[in-house]
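Welcome! Here is a short briefing to read alongside the structure.

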Amino acid sequence: MNYLSVEELTKSYGERVLFENLTFGIEKGQKVAFVAKNGSGKTTLLKILSGLEGYDFGKVIFRKDLKVSYLSQTPEFDKSSTISEVIFKGTSREIIAIKEYEQALLDINNEERLQHAISKMDELQAWDYETRIKQILGQLNIHQLNQKIEQLSGGQIKRIALAQVFIEQPDFFILDEPTNHLDLDMIEWLENYLSKENCTLFMVTHDRYFLERVCNEIIELDNQQLYRYKGNYSYYLEKKQERIDVFEATVDKAKNLYRKELEWMRRMPKARGTKAKSREDSFYETQKTAHQRIDKSQVELSVNVSRLGSKIIELHHLKKSFGDLKILDDFNYVFKKNERIGIVGKNGVGKSTFLDILMGKTNVDSGKVNIGETIVFGYYNQSGLNLKNNQRVIEVIKDIAEFIPLEKGKSLTAAQLLEKFLFPRSMHYQFVEKLSGGEKRRLYLLTILMKNPNFLILDEPTNDLDILTLNVLEDFLEDFSGCLIVVTHDRYFMDKLVDHLFVFEGDGIIKDFTGKYSDYRILQKERETIEKEIAKQVTNGEEDIKKIQKTEKPKSKLSYKEKFELEQLEKELPLLEKHKNELIKKLVDAGTNHTELVKLTEEIGKISSELDQKSDRWLILSEYEK
């Protein structure tokens with residue numbers, strides 16, 4: 001069943017053509033991602049499909065009576081509104097009925113209004129709808145509905161926008177960068193929800209794990225041509241490479257034929273017969289094919305990184321709090337050369353504050369931050385994107401330096417550097433205000449890298465960058481010879497670049513985990529399974545005690561031997577409990593050592609069993625003693 005048809009869609013801004021003659025369709029149940037370079041009009045296309053923006057030519061046809069919901073890349077709400085007011089701003093009949101019911105409950109003197117509201121809720125079966133809303137809000141960790149929008153972080157606002165979309169229960173989702181600003185746990189929840197939900201969607205995302213696990217088709221816009229790949233991200237990469245190989249073979253063959261035909265064209269007299277004329281027409285087709293090329297422009301920068309001395313950064317007994325919120329609690333660490341650290345943790349646990357402390361932008365409550373004399377920071381963060389709209393692209397670069405030093409004594413001019421970073425000559429004198437969001441971030445990132453840092457701190461560098469730019473940025477960072485700290489919600493980016501993690505667990509606790517993010521998540525899930533099993537054992541033990549208490553026949557008094565046993569149990573039980581707690585603590589701190597995890601789990605199981613038996617016996621004997 002066809003849900004959406006797009007025919008010969010064309011959109012331009014003045015002389016700049018974003019896309020031309022786009023034609024594609026989406027069937028019910030398809031989960032389609034749209035992939036293209038920054039500046040190709042991805043967000044504009046989603047806005048056109050959502051009816052928020054016009055177009056120059058073509059058709060956009062949705063199936064009749066289809067309910068469509070759009071998630072903006074940067075949701076905007078009235079800052080003076082509460083979360084509740086935003087959530088229940090929908091226009092569906094169920095939401096209107098729920099709002100009327102909530103208001104009728106407050107109008108205590110109008111019983112007729114309340115009865116009418118209840119009848120409407122019954123008619124629309126909105127009671128289930130209200131329950132579903134509460135479930136969605138709970139899953140998205142939205143609880144304080146009276147909180148003002150102006151008090152919320154970017155991640156919280158994105159979650160509210162997602163809640164709005166899910167509550168509407170649309171037939172067709174249009175999602176623009178749905179994972180931006182969400183923490184890793186919430187991204188994984190969203191990934192599971194969309195992959196399991198029987199829904200139809202069209203989205204733009206740079207999250208490659210998300211593409212891999214959610215999408216069953218990818219549409220790519222490359223040099224004004226659309227290519228469809230009926231599979232996930234892995235399938236897309238494989239088939240795209242096959243397409244490129246075939247294309248290059250076709251062009252090489254055409255080039256060889258073109259050389260032969262060109263020689264014939266030059267030999268032949270101007271007056272040609274019918275056969276010769278046909279061969280001439282074929283020549284021009286061959287010429288057209290032979291002159292095609294694939295854009296293989298990449299970020300290729302062998303920057304001459306400033307020398308790192310023996311002392312990098314030393315952190316001694318750092319403490320930092322905001323009121324009752326602990327960020328650091330006696331944190332110590334000595335950075336080593338060429339370290340690559342990823343920072344993970346839920347929103348609000350202090351990741352950005354930690355980076356600001358390293359940069360000297362925020363003071364600690366106590367402790368010392370000692371920075372080596374040779375350290376040159378490069379700090380990319382979300383709030384640093386303050387490019388001047390009235391500047392031209394090349395002026396932004398030249399304000400920092402006319403040249404950038406490379407290895408082996410070479411250098412690049414500002415113009416050459418822009419070209420290396422996917423800004424062709426035609427864009428050098430464009431004003432910054434005409435760049436897309438992703439192009440602005442790429443330009444800002446370039447201003448950081450060209451300062452020749454040896455200690456790079458990247459706070460959410462992947463937001464709004466296209467997949468091509470991410471691939472080449474990763475290639476550059478893999479060859480980067482300085483220290484690197486990355487805070488990102490892009491799991492693929494994290495896995496590719498870091499060697500170990502600082503895990504911010506909250507309340508000032510930071511664990512140093514050796515391994516990549518995927519390793520950490522696997523271990524975390526193993527621990528959750530173990531903890532559930534331990535909790536189950538404890539619950540079963542408590543139920544067994546209750547059964548024993550019910551079935552045990554009372555007797556008048558204890559024998560001498562039983563009194564002695566009771567005294568011994570009262571000494572043993574606290575020791576066993578203490579030993580069990582020590583083992584559980586060791587389990588939490590065990591890291592990635594699987595052998596140690598198994599050993600500790602077995603010991604905890606044995607002690608839990610012994611504790612259950614002796615606790616049961618103590619309860620029985622203590623009842624007789626009363």
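In strand β11, D329 is the bridge partner of K319, and Y333 is the bridge partner of L315. These pairs belong to strand β10 (residues 313–322) and β11, which run antiparallel and are joined by seven bridges. Strands count as paired if DSSP finds at least two bridges between them. Please note that this is a predicted model, in which local features need pLDDT of at least 70 and side-chain atom pairs count only at pLDDT 80 or more, while totals for chains, interfaces and linings use all residues. Residues are numbered from 1 along each chain as its sequence is written, and side-chain values use heavy atoms, with hydrogens and water left out.

**The sheet around β10**

- β10 and β11 form a hairpin with two residues between them; in the turn, G323 has a positive phi of about 65 degrees.
- The open sheet has three strands in the order β11-β10-β13, with antiparallel pairing.
- Its edge strands, β11 (325–334) and β13 (366–371), each pair on one side only.
- From one strand to the next, the twist averages 20 degrees.
- Helix α11 (residues 351–358) lies across β10, β11 and β13, and runs at about 130 degrees to β10. Axes here are lines fitted to C-alpha atoms, for helices over the stretch in contact, and angles run from 0 to 180 degrees between N-to-C directions.

**The chain as a whole**

- The chain has 19 helices and 20 strands. Both are DSSP runs numbered from the N terminus: helices are H or I with at least four residues, and strands are E with at least two.
- Of the 626 residues of the chain, 45% count as buried. Buried means under 20% relative accessible area, exposed means over 50%, and partly exposed lies in between (1.4 Å probe, protein chains only).
- Among contacts in the chain with a separation of 6 or more, 69% come from residues 24 or more positions apart. A contact means heavy atoms within 4.5 Å.
- The chain exposes about 33,600 Å², and carbon and sulfur atoms supply 48% of it. Accessible areas come from the Shrake-Rupley method with a 1.4 Å probe; for residues, only the protein chains shown count as cover.

**Helix α6**

- Helix α6 (residues 154–167) has 14 residues, so at 1.5 Å a residue it should span 20 Å; its end C-alpha atoms are 20 Å apart, which agrees. The expected span is 1.5 Å times one less than the number of residues.
- α6 is mostly covered, with twelve of its 14 residues buried; among them are G155, I157, L162 and F166.
- The buried residues of α6 pack against β5 (68–71), α2 (83–87), α3 (93–106), α5 (126–139), β6 (172–176) and α7 (184–196).
- After α6 comes Q169, whose phi is positive, near 50 degrees.

- D222 lies in strand β8 (residues 217–222). D222 is buried, with a relative accessible area of 18%, and touches Y227 and R243, not counting residues up to four places away in sequence.
- E402 lies in the loop between α12 (393–398) and β15 (403–405). At 42% relative accessibility, E402 counts as partly exposed.
- Leaving aside neighbours within four places in sequence, E402 is in contact with L412, T413 and A414. The C-alpha atoms of E402 and L412 are separated by 8.5 Å, with the two residues ten apart along the chain.
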